[in-house]
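Me: Hey, I'm new to this one. Can you walk me through it?

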Amino acid sequence: MFVYFFPLFGAILADSWLGKFRTIFYVSVIYAIGQLLLAISAAPTLLGLPPREFSLLGLFLIAVGTGGIKPCVSAFGGDQFILPQQERYLAMFFSLFYFSINSGSLISSFMTPLLRSNVRCFKESTCYSLTFLVPAILMILSIVIFVLGKRMYRIVEPTGNVVVKVFKCVSHAIYNKIKGKNGKREYWLDHADDTYDRKLIDDIKVSLQVLKLFIPLPVFWALYDQQGSRWTFQATQMDGQIGSFLMPPDQMQVVNPLLILAFVPLFEMCIYPVFAKIHLINTPLKKLATGMFLAALAFVVTGIVDLQLEVRYFWDYPCNSNYVHITLMLYNTTIHAIH
């Protein structure tokens with residue numbers, strides 16, 4: 001929850017006071033400290049520290065760090081380009097940025113289960129501390145590289161956060177409307193025109209209309225984030241043998257970024273151009289609607305898989321007979337990646 005809550009404050013902090021560069025640097029240090037605490041908490045015999053308390057503290061610091069990284073990194077990258085002269089390069093940057101994120105997700109989702117299960121440490125059959133320590137080291141390395149490149153960056157000074165401006169404008173309009181100031185207005189936001197300029201008020205009106213489209217989003221994200229929890233638990237109850245390869249349950253998460261890396265260039269270079277020629281799914285709105293439909297279909301498949309797993313327990317199948325094959329989940333993940 002905090003991972004999605006703190007970015008709001010990170011954006012305000014960057015736009016109003018510190019700027020994007022310093023915000024990214026400070027919160028990245030906090031993020032790295034949180035990862036180190038997780039690594040230490042996974043090895044309680046090393047320092048004799050309470051594992052639960054240090055794990056929670058580490059996760060909290062990671063959430064705080066994410067709050068500054070999520071809203072600032074992509075925006076800071078966008079600041080490096082001069083528009084409209086470099087608009088084409090800006091689009092290329094965001095494509096590479098998205099590709100890099102999913103590449104990192106692919107590598108980490110594949111490697112961390114191997115580090116956990118194939119390495120032994122502290123007289124245990126698994127090594128969770130190494131699983132947390134490797135990302136912490138890589139995070140520290142990324143901070144060093146980020147700071148070394150400061151001279152090459154185009155740093156934009158903070159000019160105020162738009163969320164704060166919108167909140168103040170809306171609050172002022174509501175206050176004036178309740179107090180009956182400025183007489184009657186065609187729209188309630190117009191009561192703020194004695195303090196705020198017309199362009200800001202009109203932009204807020206448009207934004208409020210667009211926000212209606214995002215009402216279902218909390219439901220979508222509540223289901224989407226089950227990939228890292230419920231879907232993994234599902235995989236533990238399924239047959240993960242694919243030919244001669246046995247897929248560990250916690251390695252299922254590697255499939256989604258892998259398919260995204262494959263589908264993004266496939267759709268951009270092949271599928272979307274074909275659809276554009278036949279005037280089918282040729283606008284961003286149509287692509288969004290189609291993607292949401294496919295996402296809903298993926299969630300339906302997940303529910304069917306879960307019902308099949310419940311049938312297994314209802315008929316009292318032996319615990320070692322995972323009669324539902326993991327390929328059902330692979331089909332589901334494929335549909336989800338296409339969306």
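Me: Let's start with the nonpolar patch. Which element gives it the largest share?

Reply: That's α1, with four residues. Keep in mind as we go that this is a predicted model.

Me: Okay, and what residues form that nonpolar patch on the surface?

Reply: Phe2, Phe5, Leu8, Phe9, Leu57, Phe60, Val162 and Val163. Together they have about 710 Å² of accessible area. The elements giving two or more residues to the patch are α1 (2–18), α4 (51–78) and α7 (162–179).

Me: Leu57 is in that list. Where does it sit?

Reply: Leu57 is in helix α4.

Me: And what does Leu57 count as, at 40% relative accessibility?

Reply: Leu57 counts as partly exposed, because 40% falls between the 20% limit for buried and the 50% limit for exposed.

Me: Switching to Lys20. Buried or exposed?

Reply: Lys20 is buried: its relative accessible area is 15%, and the cut-off for buried is under 20%. You'll find Lys20 in helix α2, which covers residues 20–41.

Me: So what is Lys20 in contact with, leaving aside neighbours within four places in sequence?

Reply: Ala14, Asp15, Cys72, Ala75, Phe76 and Asp79 are the residues in contact with Lys20 once those neighbours are set aside.

Me: Let's zoom out. How many helices and strands does the protein have?

Reply: There are 13 helices and two strands.

Me: And how much of the protein counts as buried?

Reply: 31% of its 339 residues. The accessible surface comes to about 21,200 Å², and carbon and sulfur atoms account for 70% of that.

Me: What about contacts with a separation of 6 or more: what share is between residues 24 or more positions apart?

Reply: Those pairs make up 65% of the contacts in that group.

Note on methods: Residues numbered from 1 in each chain as written. Predicted model: local features only at pLDDT ≥ 70, side-chain atom pairs only at ≥ 80, totals over all residues. Heavy atoms only, no water. Patch = residues over 30% accessible without salt bridge, like charges linked within 9 Å, V, L, I, M, F, W, Y side chains within 5 Å. Areas by Shrake-Rupley, 256 points an atom, 1.4 Å probe, with all protein chains shown as cover. Salt bridge = Lys/Arg side-chain N within 4 Å of Asp/Glu carboxyl O. Buried < 20%, exposed > 50% of the residue type's maximum accessible area, 1.4 Å probe, protein only. Contact = heavy atoms within 4.5 Å.
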